[in-house]
Amino acid sequence: MEELELKLKPNHFKQSSDVEKVAKPILNDVTKLANICYLLIDKDTKYLGKCCVVSKEFKLLTGYDYLIIIQKGYWKSVTLKQKQALLFHELEHIIFKPTVADPGMGSWACRRHDIEEFNSVVKRFGQWDISVSLMEDALDSYKSKDKKVEPKPKTRMEELIEEQVNLN
Ligand SMILES: [Zn+2]
């Protein structure tokens, strides 16, 4: 009798220690406590990065609390600062929600974006909503910080050398 052969389609996800290394220094007091699995996806996606809480079954089997998935093509083509900003964005989705009955206990959840808006609305109506004003404040705060301490941006070559050193 002939043996049945099943061929699986390729899996485009791969765990990435490179992404994890970039994330480590930007973890905060909360995200430090989450068990995060970093994946690169080698396929065109609508997103550059994604952060999701895992199911209880997945948690039981793997110990992970979150998956952070980064688009590989994008990751390979951008500067270290862009990688850090993208990862910082994904990490900002992580939140620990205490239960009402017992605040000592809680669960991991996914935080929504502070703002969802079209450029055209802001162009026409300015800070029509508090979320737009807060985004403007954030940008102003970054710009004033920028003048004071921001060092000269690194060249791609300097970054590659730095990345190489970090890998060794
Ligand atoms: Zn997001």
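Trainee: Where is the place of Tyr47 in the chain?

Mentor: In this predicted model, Tyr47 belongs to the loop between β2 and β3.

Trainee: What makes Tyr47 count as buried or exposed?

Mentor: The count of C-beta atoms decides. Tyr47 has 11 other C-beta atoms within 10 Å, and a residue with 12 or fewer is exposed; Tyr47 is therefore exposed. Its C-alpha atom is separated by 9.8 Å from that of Tyr74, which lies 27 residues apart along the chain.

Trainee: Why is Ala23 called buried?

Mentor: Ala23 has 21 C-beta neighbours inside 10 Å. The cut-off for a buried residue is 20 or more, so Ala23 counts as buried. Ala23 is part of helix α1, residues 17-23.

Trainee: With which residues is Ala23 in contact, leaving aside its neighbours within four places in sequence?

Mentor: The contacts of Ala23 are Tyr38, Leu87 and Leu91. Contact is judged on C-beta atoms within 7 Å, whereas the C-alpha atoms of Ala23 and Tyr38 are separated by 9.1 Å. Tyr38 in turn touches Gln15, Ser16, Val19, Glu20 and Ile68 as well as Ala23, not counting residues up to four places away in sequence.

Trainee: Which residues have the most contacts inside the largest nonpolar core?

Mentor: They are Val19, Ala23, Tyr38, Leu40, Ile68, Ile70 and Leu87, in a core of 16 residues. At least two residues of this core come from each of α1, β2 (36-41), β4 and α4. In soluble globular proteins, nonpolar side chains tend to be buried together.

Trainee: How many strands does the open sheet have, and what is their order?

Mentor: The open sheet has 4 strands in the order β1-β2-β4-β3, and its pairing is mixed.

Trainee: Why do β1 and β3 stand at the edges?

Mentor: β1 (13-15) and β3 (49-53) each have a single partner strand, so one side of each lacks a neighbour in the sheet. On average, neighbouring strands of this sheet are turned by 25 degrees against each other, direction ignored.

Trainee: Why is β4 described as largely enclosed?

Mentor: Of the 6 residues of β4, 5 are buried, so the rest of the structure largely encloses this strand.

Trainee: What is the count of buried residues in β6?

Mentor: The count is 0 among the 5 residues of β6 (residues 106-110), and this strand is hardly covered. β6 is joined to β5 (residues 94-98) by 5 bridges, and the two run antiparallel. Ile94 has Cys110 in β6 as its bridge partner.

Trainee: Which residues of α4 are buried, and what puts them on the same side?

Mentor: The buried residues of α4 are Lys83, Leu86, Leu87, Glu90 and Leu91. They cover an arc of only 135 degrees around the axis, which puts them on the same side of α4. These buried residues pack against α1, β3, β4, α3 (72-77) and β5.

Trainee: How many helices and strands does the chain have, and what share of its residues count as buried?

Mentor: The chain has 7 helices and 6 strands. From the N terminus, its elements follow the sequence β-α-β-β-α-β-α-α-β-β-α-α-α. Of its 168 residues, 14% count as buried. Among contacts between residues at least 6 apart in sequence, 58% join residues at least 24 apart.

Terms used: Residues are numbered from 1 along each chain as its sequence is written. This is a predicted model: local features need pLDDT of at least 70, side-chain atom pairs count only at pLDDT 80 or more; totals for chains, interfaces and linings use all residues. Two residues are in contact if their C-beta atoms, placed from the backbone, lie within 7 Å. Two strands pair if DSSP finds at least two bridges between them. Axes are lines fitted to C-alpha atoms, for helices over the stretch in contact, and angles run from 0 to 180 degrees between N-to-C directions. The arc is that of the directions from the helix axis to the C-beta atoms. A nonpolar core is a set of buried Ala, Val, Leu, Ile, Met, Phe, Trp, Tyr and Cys residues joined through C-beta atoms within 7 Å.
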